[in-house]
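This report covers strand pairing and charged contacts. Please look over the sequence and the structure first.

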Amino acid sequence: MQPVGADKVTGTVRGTSVALLAAEDSRAASATGNDRPAFLVARLRRDVADGQTTLGLVYTDREDGPDANRVLGVDARVLFGGLYYAQF
């Protein structure tokens, strides 16, 4: 990767943690040599049940001209009885 530029935004919106990262690569990193590959990573995380449980969502995107790759994922952490937890 040879980034030309990137932006990052983080914060909290209505109790949900938000993180965004966007970047653009140089033409030399493109499969065709003509396009500038663009990347996006987004992450949301929310505490629920008085902080005993967290729910998360992640999204990644890469575009290089007509080609693209997108991935969406979900995760959670649940605390039981203040001692045990399950994570997936």
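Two strands count as paired if DSSP finds at least two bridges between them. The model described here is predicted.

**The sheet**

Six strands form an open sheet in the order β1-β2-β3-β4-β5-β6, and their pairing is antiparallel. Strands β1 (3–13) and β6 (84–87) sit at the edges, each pairing on one side only. From one strand to the next, the twist averages 10 degrees. Strands of a sheet pair through backbone hydrogen bonds.

Strands β1 and β2 run antiparallel and are joined by ten bridges. Here Pro3 lies opposite Asp25 in β2. The hairpin of β1 and β2 has two residues between the strands, and Arg14 takes a positive phi near 50 degrees there.

Nine bridges pair strand β2 (residues 16–25) with strand β3 (residues 38–48), again in the antiparallel sense. Ala19 faces Arg43 in β3. Leu20 stands opposite Ala42 in β3.

**Salt bridges**

Side chains of opposite charge can pair when their charged atoms come close. The whole structure holds four salt bridges.

| Pair | N to O distance |
|---|---|
| Arg43 and Asp75 | 2.7 Å |
| Arg70 and Asp61 | 3.0 Å |
| Arg70 and Glu63 | 2.6 Å |

Which parts of the chain does the pair of Arg43 and Asp75 link? Arg43 belongs to strand β3 and Asp75 to strand β5 (residues 67–80), so the pair, 32 residues apart, connects distant parts of the chain. Arg43 counts as partly exposed because its relative accessibility is 28%. Asp75, at 24%, is also partly exposed.

Asp61, Glu63 and Arg70 are linked in a network of salt bridges. Is Asp61 buried or exposed? Its relative accessibility is 12%, so Asp61 counts as buried, the cut-off being under 20%. Arg70 is partly exposed at 47%. Glu63 is partly exposed at 32%.

**Thr53**

Thr53 is placed in strand β4 (residues 53–64). Thr53 counts as buried because its relative accessibility is 13%. Which residues does Thr53 touch, not counting those up to four places away in sequence? The contacts are Arg46, Asp47, Val48, Arg77, Val78 and Leu79. Of these, Arg46, Asp47 and Val48 fall within strand β3 (residues 38–48). Arg77, Val78 and Leu79 fall within strand β5 (residues 67–80).

Methods
Residues are numbered from 1 along each chain as its sequence is written. This is a predicted model: local features need pLDDT of at least 70, side-chain atom pairs count only at pLDDT 80 or more; totals for chains, interfaces and linings use all residues. Side-chain values use heavy atoms; hydrogens and water are left out. Helices (H or I, at least four residues) and strands (E, at least two) are DSSP runs, numbered from the N terminus. Buried means under 20% relative accessible area, exposed over 50%, partly exposed in between (1.4 Å probe, protein chains only). Contact means heavy atoms within 4.5 Å. Axes are lines fitted to C-alpha atoms, for helices over the stretch in contact, and angles run from 0 to 180 degrees between N-to-C directions. A salt bridge is a side-chain nitrogen of Lys or Arg within 4 Å of a carboxyl oxygen of Asp or Glu.
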